[in-house]
Amino acid sequence: MSTGPSTPAVASRPAPQARPRTPGRPRWRRRLVTALVILIAGSGAALAWGMHEQPSIAPIVWLLHPVQSFTYALGGNPHPVQFVLPPQQPLSAVALLGRQLFFDKALSASGKMSCASCHDPAYGYNPPPGSGPVMHGGPERLSPGFRPPPSLAYLYRQQAFSIGPDNDENETITLQQLVTLSKNAKRATKTAQSTAQAGQNLVPAGGLFWDGRVDTLQQQAGGPLFNPVEMDAGTPQRVAGIIEHQPYAKDFLQLFGPNVFEDPKQTVAEALFAIARYQIEDPKFHAFNSQFDAWLQGKARLTPQQMRGYLAFNDVHKGDCAACHLDQPTQDHLPPLFTDTQYEALGVPRNPHIPANHNPHYFDLGICGPFRTDLKNQTQYCGMFLTPTLRNVAQRPVYFHNGVYHSLKQVLDFYNFRDVQPGKIYPTVDGKVQKYDDLPPQYHANVDVTDPPLNRHLGEKPAMSAQDMRDIIAFLHTLNDGYTPLKPAS
Ligand code: HEC
Ligand code: HEC
């Protein structure tokens, strides 16, 4: 469906509630009340114009949709939706066990690191404030990692890694066959107005990690647990030995049977299963209680700046962020996740503060390696990384797959100036701007130069003004979980 730049529409609009007529009231009084309401609302909006605080709703849109525009101008949502949320039940016994494991530092080699050390619930399951681009693990917590930890929230709808659109045929096709199929496909430009079209692109989507190399949370948890630069838990024998002596060992026996400690591999498998259940069952991992969620449901207003940011986020001629970071509820009323779960090469600048990058021959190429190896010869995917959710993004200490940026301002500058003023983004060596300096030259062609705002040319006008960027950042702050709607004064 098409979504106008200045009137973002929700994917499916419920029919407006039929309001019962009040029989007793004479019609002229209703008219008068309506006129008064419009007058008051109008003067409010007019005041806002005067203060240069008005959301950027184009005059033509005002003419075409005056009521909608009024609602936007006042920070409201003309098309509130009711969310279909994941079921909320008390945590199962397995999930409760998983929670203990998630926070248990004893499992790590240093005895000082749990899952929560890098995925902190107090910050949207992001690394805690002040973290650098990579975390340090291992026995002394001195071994640097290679990428920043992504948030663990909002992964509950993540599909398995695949290439191309979902269809029944694909189920029996291997990844390599999909790669072959997708080679001749023409890629459609993604815009905030036509996100459905992008779904047809034969590009990689789904999966976990920045490169999609695993599919399930359970499969996933084994990675950090045993990764020598993360928890470095050693062998399954060591982990099982520790678990056996923790207070929650009795829960293991109860849940998985009296023989669970006989086979250490089995013990670890059950532990990973429990951690995965915890992430799936605990509503804190998918709280959907941000200010923007409240707004989508008609329970909160946005400030004029947040509203301008929302419109610019959706405006194809400004941020166009919603083309990839989807911000509308689905047709089935599932709340938006702020990612289309597709992979893109954005060509972010190299981060000299990642120790691995001290080697000039080391490149993190995402889908085609070095951490995943099944697609390493499919060079058309080199440089592609998963589009992350933007929920709780203001709580992240670093941004992008190499953590090169520390502030949302830097991120917005990247989107705005990458092509039009690349000298602002990349280092200059011998008078030459080193564009896409974190990718070997043979892969520069993989970088996305078609989806706005990344479709501009050297010297052209940037897509966003400084004000647009500040507004979008204000909007991004409405995506932090834990918003409590102000109660109307009684
Ligand atoms: C030392 C820091 C560290 C610790 C400890 C850690 N992780 Fe991670 N986690 C990471 C990094 C880094 C990534 C991304 C790696 C990549 O993309 O290659 C990640 C990715 C993930 C992902 C994928 C998220 C996504 O959006 O795709 C999940 C799920 C996850 N970790 C769960 C866990 C669990 C469960 C534990 C505890 C058993 C844990 N992590 C412990 C650093 C850590
Ligand atoms: C063409 C698709 C696309 C568009 C358009 C787009 N993004 Fe992204 N975004 C991505 C991808 C892919 C990444 C991860 C890239 C990487 O790390 O190399 C990303 C990463 C980010 C991150 C870092 C998140 C994190 O967890 O580190 C932020 C913040 C962000 N985008 C905000 C925006 C904003 C704001 C806009 C609009 C101005 C925008 N994006 C437009 C695809 C897109």
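## Ground rules

Residues are numbered from 1 along each chain as its sequence is written, while chains are lettered from A and ligands numbered from 1 in the order in which they are written. Because the model is predicted, local features need pLDDT of at least 70 and side-chain atom pairs count only at pLDDT 80 or more, though totals for chains, interfaces and linings use all residues.

## Around ligand 1

Let's start with ligand 1, which has 25 residues around it. To be near, a residue needs its C-beta atom, placed from the backbone, within 6 Å of the molecule or strand. Cys 115, Cys 118, Phe 209, Trp 210 and Pro 224 are the closest.

Helices here are DSSP runs (H or I, at least four residues; strands are E, at least two), numbered from the N terminus. By type, the shell splits into 18 nonpolar, 5 polar and 2 charged residues. Ala, Val, Leu, Ile, Met, Phe, Trp, Tyr, Cys and Pro count as nonpolar, Asp, Glu, Lys and Arg as charged, and the others, Gly among them, as polar.

## Around ligand 2

Ligand 2 sits among 27 residues, the closest being Gly 319, Cys 321, Cys 324, Phe 400 and His 401. Helix 14 (residues 408–417) brings the largest share of this shell, 4 residues. The breakdown is 17 nonpolar, 4 polar and 6 charged.

## Helix 9 against helix 11

The axes of helix 9 (residues 236–244) and helix 11 (residues 264–281) come within 8 Å and cross at roughly 70 degrees. Axes are lines fitted to C-alpha atoms, for helices over the stretch in contact, with angles from 0 to 180 degrees between N-to-C directions. So helix 9 is roughly perpendicular to helix 11 (65 to 115 degrees; under 35 is roughly parallel, over 145 roughly antiparallel, the rest oblique).

On the helix 9 side, Pro 236, Gln 237, Val 239, Ala 240 and Ile 243 make the contact, meeting Pro 264, Lys 265, Thr 267, Val 268 and Ala 271 of helix 11. Contact means C-beta atoms, placed from the backbone, within 7 Å. These residues divide into 7 nonpolar, 2 polar and 1 charged.

## Helix 4 against helix 11

Helix 4 (residues 93–102) also meets helix 11: their axes come within 7 Å and cross at roughly 105 degrees. That makes helix 4 roughly perpendicular to helix 11. The contact residues include Leu 97 and Phe 102 of helix 4 and Ala 271 and Tyr 278 of helix 11. In this contact, 10 residues are nonpolar, 1 is polar and 3 are charged.

Definitions and conventions:
Two residues are in contact if their C-beta atoms, placed from the backbone, lie within 7 Å.
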